[in-house]
Protein chains: 2
Amino acid sequence: MEEEDAVLGADVLATTDAWGVFTHGTKSLAGYLRRLRIGGMRPKGRPTVVAEGGAWGIVDGDSSLGMVASAFAMRLAMAKARQQGIAYVGVRNSCHFGAAGYYTWLAAREGLIGISMANDIPSVAAPGSRGAVLGSNPLSYAIPAGRHRPMLLDMSTATVAGGKVYAARTRGERIPGNWLIGGDGRPTTDPSGYPETGALMPAAGHKGYGISLLIETLSGVLTGASTTWRVGSWMWDDGRSPTGHGAAFLAIDPRVIAPSGDFERKVEALIDELHASPRADGVDRLLVPGEMEWEHFDRAMVQGIELPPDVVANLEKAASLSGVQFPCPAGGASAT
Amino acid sequence: MEEEDAVLGADVLATTDAWGVFTHGTKSLAGYLRRLRIGGMRPKGRPTVVAEGGAWGIVDGDSSLGMVASAFAMRLAMAKARQQGIAYVGVRNSCHFGAAGYYTWLAAREGLIGISMANDIPSVAAPGSRGAVLGSNPLSYAIPAGRHRPMLLDMSTATVAGGKVYAARTRGERIPGNWLIGGDGRPTTDPSGYPETGALMPAAGHKGYGISLLIETLSGVLTGASTTWRVGSWMWDDGRSPTGHGAAFLAIDPRVIAPSGDFERKVEALIDELHASPRADGVDRLLVPGEMEWEHFDRAMVQGIELPPDVVANLEKAASLSGVQFPCPAGGASAT
């Protein structure tokens, strides 16, 4: 890969680990390397703008690393939003883009509101469906907040991540009744059949399902990307074919729209108000989205990132795939 | 009011009833009339564009009927989106705008994707808060869908409407554990204290709370509208002062962005695929957002709208406030 692309990919994955979102960080590296080596992702792929107008663009990811196409698209949306107030950039021929919140943070750290989303191969049911019909279609936003860190939401439209269901299965535990449907399509508290049968339930039922359909539309339908079952599985397929993921990035520039310059001061005040709101018995603090992740990030910048064992195991796999030493020898970074 | 404004307001409320969304239809008319008569809403208020650019605008609602400012704003967003691909128009000095889905339908029936949202006086808790911190902040989208009716989601960011909690209280029933917090801030299945104490819980916990904060930002903070507790209660206050609600409207024109003209055909195919997906035992049909409402609408166009007793009672109040006969004499519409 071009060094610039490799550096970007590393920054996305390491930042995600620094936030404590270990499901979407360097744990995925071995899977991406596998695709890069056998053709499902193109190391030299270059995202290009295939169509654009005043406040919109469509990017063809050229089957590059999902992070490369996604950061390219968000930066294009930011540039257009600085001119037009808001912009939409959709992406097709992309792949798994990791943590949706990385791209919205790209916007927020330059003073813009960022919104990102993507589709994926189905793993989530519709209300009443027997199996999965839509991906866990993530949604993120980041809002610049003056002296506070940006508010940063990064959520899937399923009730929980599939990994949580699988972990309960491994531990032989029951799960809450709104996480999973079984092979008959009915809610179940028994995770023992997952992921071979069943599907995750959408967050808040028809609400999560509805939001997921908007994400499928803006990421998949409007961009010309693959949709629903035509999206490839970046993790489970043979790695030879592009996955065809779609994604969508929106940027809004408050300095254009609220030119009095008081937008961030008002967001600060909103956060201060929420922090100072009365708390339930036994609750220490009220949080805004991203606050836990930023605290994890700040600790990581000082102490390093304490990687969970499953991440270390995946990094060992990545190291052996690429012939580098792991942990790195003295002078390089090392897992603690 | 100008006849044009009155006709628009009537169309919003009657359309909402036709969808079967009786909580937000003509039931609200008496409350709006009260405000229009004593100053909290201005019958002759004219929404104006106070700032704008290529793909954005800010509208001052001039404390007009919320529907007047909202339809004006969505139409402005649609006109800009036809030029720029996407547009954002925020509104301040508005009031309760009724069903968010009316405005997104304005966009979808002309082939655009519409998104609408608004803030409101707090009634919903944050995870861990003792009381309400944000409004039930509604979110709607409508997506044009070729031979199908537009996909139309109109949801609040609370788990359920406060009216459902109150109805359970009236019937002496318990409620599910994710609907309400009590006076101590802890989840409760006992609705007997609501609405005097307690607050609704956000849909899917931190996810609904997070989305609500984005809505508060785009509707309230970015527009210069009132936010959180500074928003007036259109229903419960003395009616003399404007409520200061904010709202936000986005329009996206697929004919600009996907010029091959196949957007709606692809949305059709997505809906067909969802309809044909395997169903859980005992489930007759899989639906997409808005489908139940459109079926109610189609029946209403043929058979009229069967108004629930609480709506009829509120219409009687509206009739007595305005000195018109209710039900209307022969030749006018009448409740069935």
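**Sheet architecture and chain arrangement in the predicted model**

Strand β4 (residues 113–118) of chain A pairs with strand β7 (residues 139–145) of chain A in the antiparallel sense over 4 bridges; strands count as paired if DSSP finds at least two bridges between them. Within this model, which is predicted, local features need pLDDT of at least 70 and side-chain atom pairs count only at pLDDT 80 or more, whereas totals for chains, interfaces and linings use all residues. Residues are numbered from 1 along each chain as its sequence is written, and chains are lettered from A and ligands numbered from 1 in the order in which they are written. A:M117 stands opposite A:L139 in β7(A).

In chain A, 7 strands form an open sheet of mixed pairing, in the order β1-β2-β3-β12-β4-β7-β8; strands (E, at least two residues) and helices (H or I, at least four) are DSSP runs, numbered from the N terminus. From one strand to the next, the twist averages 15°. Helix α6 (residues 206–221) of chain B packs on the sheet, touching β7 and β8 of chain A, and its direction makes about 125° with that of β8(A). Axes are lines fitted to C-alpha atoms, for helices over the stretch in contact, with angles running from 0 to 180 degrees between N-to-C directions; contact requires C-beta atoms, placed from the backbone, to lie within 7 Å.

Chain B is superposed on chain A by a rotation of 180° with 0.0 Å of shift along its axis (RMSD 0.0 Å), the relation of a two-fold axis. The superposition is by least squares on the C-alpha atoms of residues with pLDDT of at least 70 in both copies. In chain B, the C-alpha of B:A204 is nearest the axis, 2.6 Å from it. The same surface serves both copies, as 100% of the contact residues of chain B recur in chain A.

Key. Two residues are in contact if their C-beta atoms, placed from the backbone, lie within 7 Å.
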